[in-house]
Each structure stands twice: as structure tokens, then as C-alpha cells.
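The sequence and the structure are shown first.

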Amino acid sequence: MTDLNQGGQRHADAETTAAAAVVDLLTTRAAEGSRPGRRTDQARLVLLIEGGSSRGTFSSGMTLVIEERGLLDCFDAVYGSSAGALNAAWLLCRRAAHSISAWWDPEVMRRVIDPLRALRGRPIIDTRHLVYHVYEHVMPMGFTDILDNAVTFHPLATNAQTGASTDLHSLLTDVPQLQLALRATTCLPVLAGRPVSLGTERYVDAGVSESVPIHTAIAQGATHIVALRTRRPEELVHPPSRLERRIVGGYLARHAPGALDAWMHRHERRADEERALAGHPAVLQIRPPADAPVIGRVERDPGVLRSAVECGRAVAAAALGGAAAGNVSSG
């Protein structure tokens with residue numbers, strides 16, 4: 001028992017040290033007014049935003065804190081999977097506060113997520129309506145601002161033919177391509193319809209292959225990481241059930257055969273992501289606490305969703321301490 005306690009303490013100490021390294025860098029850059037291309041350090045600080053469909057309400061509240069404190073320019077890149085990529089996009093165009101109510105607005109949510117559409121053979125999640133109507137006319141997204149931002153945007157998706165996690169950054173050449181990338185990263189199998197074509201490939205939801213974009217970020221040289229999580233600490237990903245294998249597995253076999261194996265072994269991939277995060281020497285993970293609201297994949301209850309946004313906002317404010325543009329103390 002003593003060995004177990006000591007092991008747990010060592011893990012906690014390592015986690016605290018890793019988080020402190022990130023907060024120190026973030027605080028220093030904020031105090032200096034550091035900007036991409038004009039750094040005084042050699043670090044590559046990146047923001048990772050986990051996917052999770054409606055659980056993205058948690059990370060939307062977290063990005064709001066980053067925007068409010070003027071910390072975006074302290075990062076060199078922002079990586080997002082699925083709903084995490086949507087929140088990343090709002091942050092990068094500096095409209096996180098402008099868009100926040102979309103997560104609980106009944107009119108928006110009922111039209112974007114409608115389980116009854118399945119009875120008519122249509123996708124439950126309508127990403128076309130979200131990207132081309134909501135993001136253009138209801139709550140306009142600054143697409144050009146995202147493309148022009150010196151903090152680079154890296155939405156991930158899963159290649160339908162190979163199952164590989166793919167960084168779509170190089171394909172973001174104009175607004176229509178960016179819009180397609182937002183649809184590709186959120187193309188949940190079955191729920192959001194057929195794979196999205198972008199460039200010469202077709203893609204499905206990023207979470208099939210990389211729910212937390214940790215491996216992609218490390219491969220691209222990340223030295224310091226802030227990870228905005230949407231799963232509570234005790235939430236585990238389990239192997240697909242028999243029903244899931246029949247419905248989702250069958251769907252992938254027909255429409256995205258390369259992604260089937262990645263999806264079948266999703267629990268192993270998630271465990272690998274957790275190990276990579278835990279083993280990185282400079283990472284700050286911000287995640288919902290154990291008593292956070294339980295959010296289903298297609299949750300539409302405005303009260304539940306709004307409480308999740310506020311929960312994310314609160315935990316991010318606490319985790320970032322006094323880090324803010326113009327501040328010199330990490331709190």
C-alpha cells in the first residue's frame with residue numbers, strides 16, 4: 001500500500017511540475033506581449049481541444065477564458081478534433097464570446113441536432129446547416145480572420161480510406177475549404193451522414209482516430225501543451241458494444257472502410273492518448289471535474305448545456321491562475 005501511495009504521489013508531483021512549466025511560459029509570454037513570429041523563447045506552445053460532440057460545451061467555456069484574458073497570441077498553434085475544432089475556430093477569429101450562446105440556444109440546437117430526422121433516413125446532426133447557415137447568417141464566424149491568424153489552425157479528421165488521423169491545415173487555402181474542413185472534422189459516423197470530400201480524400205470525424213490531438217501536436221514539435229478536455233477524469237472509452245458494431249461498424253464498412261479498424265480499437269487509442277499526455281514534461285490539462293454535468297453525445301437540454309459551459313469556464317479560470325495579457329504573476 002505504501003508503494004502505491006508513493007507511486008501516486010510521484011505521479012501527482014510530476015503532473016504539477018508539468019503544469020507549472022506551461023503556466024510559467026504562458027504567463028511570461030503574456031507579460032511580454034509575445035506574438036507569433038516575435039518570440040523571445042524557443043518553445044512551441046500549442047492548444048489542444050478535445051472532441052466530444054455536445055461535450056464541446058465544456059471546452060467552449062474554457063476557450064472563453066483564453067479569449068477574455070487575451071492569451072490567444074501566446075500560443076503558436078491550435079489543434080482541434082471534432083467539436084473541439086469548432087471551438088478552436090471561434091477562438092481563432094476572436095469571437096468565442098460572440099458564439100457561446102449557440103451551444104444552448106434552443107432554436108440552433110433543435111435544427112442542428114434532431115433525432116427525428118433518423119426516421120426519414122436523414123442525418124441526426126446537420127453540419128451543412130451549422131456551417132453554411134448558422135456560421136454565416138445567425139452567428140457569423142470570421143472565416144477570413146481564422147485563415148489570416150498567425151496562430152495556425154489545425155483541425156483534424158480521419159481519412160475514410162486509410163483510417164489515419166489527418167491534420168487538415170495544409171488544405172485550408174480559402175474559405176470554402178475551411179468550411180469543408182469544419183464539416184469533415186465533425187462528420188460523426190451514422191449521425192452526421194456520409195464522409196466529407198476535401199481535396200482528393202474523404203474524411204469522417206476526427207474522434208475516430210485521435211480525439212485529443214496529442215500525437216499530431218508532438219510530431220509537429222510541441223514543447224509545451226495546454227489541453228482542453230471534455231471528458232471527466234473517470235470517464236473511460238469502452239470497446240464498441242455488439243449493437244454499435246452492427247450499426248456503426250456496418251456503416252463504416254460500407255462508407256469509410258479504412259476507418260473501421262481505428263473505430264473498433266478506439267478504447268486503445270484513447271488510452272494511448274492519456275499516456276502521451278501524462279508522459280509529456282510540459283502539459284497543463286484542464287478538464288471537467290468529477291461532479292460536472294453528464295453530457296450525452298446529442299444533448300439538447302439548454303439548462304444542462306449552459307451549466308456545462310459555465311463549468312468549463314470556471315475550471316479554466318482556476319487552472320490558468322493569474323495568467324493574462326499584461327500580467328506578470330501566475331497566481
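## Helix α8 and its cap

D174 caps the N-terminal end of helix α8, with a side-chain oxygen 2.9 Å from the backbone nitrogen of Q177. Such a polar contact is a pair of N or O atoms within 3.5 Å; within protein, one atom must be able to donate a hydrogen and the other to accept it, and residues adjacent in sequence count only if both atoms are side-chain atoms. Helices (H or I, at least four residues) and strands (E, at least two) are DSSP runs numbered from the N terminus. Helix α8 covers residues 175–185, and L178, Q179, A181, L182, R183, A184 and T185 are buried in it. Buried means under 20% relative accessible area, exposed over 50%, and partly exposed in between (1.4 Å probe, protein chains only).

## Basis of the model

The model is predicted: local features need pLDDT of at least 70 and side-chain atom pairs count only at pLDDT 80 or more, while totals for chains, interfaces and linings use all residues. Residues are numbered from 1 along each chain as its sequence is written, and side-chain values use heavy atoms, with hydrogens and water left out.

## Overall fold

The chain contains 13 helices and eight strands. Its C-alpha trace spans about 55 × 55 × 40 Å along the principal axes. For 331 residues, a compact globule would have a radius of gyration near 20 Å, and the value of 19 Å for the chain agrees with this. The radius is taken over C-alpha atoms, and the globule rule is 2.2 Å times the number of residues to the power 0.38.

Of the 331 residues, 53% are buried. Among contacts between residues at least 6 apart in sequence, 76% join residues at least 24 apart; contact means heavy atoms within 4.5 Å.

## The largest pocket

The largest pocket has a volume of about 540 Å³. Of its 25 lining residues, L188, E244, W263, R266 and R297 are the closest to the centre. The elements that give two or more residues to this lining are α10 (242–255) and α12 (266–279), and α10 gives the most, with four residues. By class, the lining has 11 nonpolar, seven polar and seven charged residues. Ala, Val, Leu, Ile, Met, Phe, Trp, Tyr, Cys and Pro count as nonpolar, Asp, Glu, Lys and Arg as charged, and the others, Gly among them, as polar.

Pockets and cavities are found on a 1 Å grid over the protein atoms alone: a cavity is a set of points where a 1.4 Å probe fits but cannot get out, a pocket is an open set with protein on both sides within 12 Å along at least five of seven lines, and lining residues have an atom within 4 Å of a point. Grid points are joined across faces, edges and corners, and a volume is the space filled by probe spheres set on the points.

## Two cavities

The structure holds two cavities of 30 Å³ or more. The largest cavity contains about 320 Å³ of space and is lined by 20 residues, of which L86, W103, V112, L130 and Y135 lie nearest its centre. Helices α3 (83–92), α5 (106–112) and α6 (127–138) each supply at least two lining residues, and the largest share, four residues, comes from α3. The lining divides into 13 nonpolar, seven polar and no charged residues.

The second largest cavity contains about 30 Å³ of space. Its lining consists of S60, T63, N87, W90, L91, A96, S99, I100 and W103.

## S60 beside the second cavity

S60, one of the residues lining the second largest cavity, is placed in helix α2 (residues 56–68). S60 counts as buried because its relative accessible area is 2%. Leaving aside neighbours within four places in sequence, S60 is in contact with N87, I100, W103 and V309.

## Positive phi angles

Most residues other than glycine have a negative phi. R94, which is not a glycine, has a positive phi of about 60°. R94 lies in the loop between α3 and α4 and counts as partly exposed, at 46% relative accessibility.

V190, also a residue other than glycine, has a positive phi near 75°. V190 is in the loop between α8 and β5 (196–198) and, at 31% relative accessibility, counts as partly exposed.
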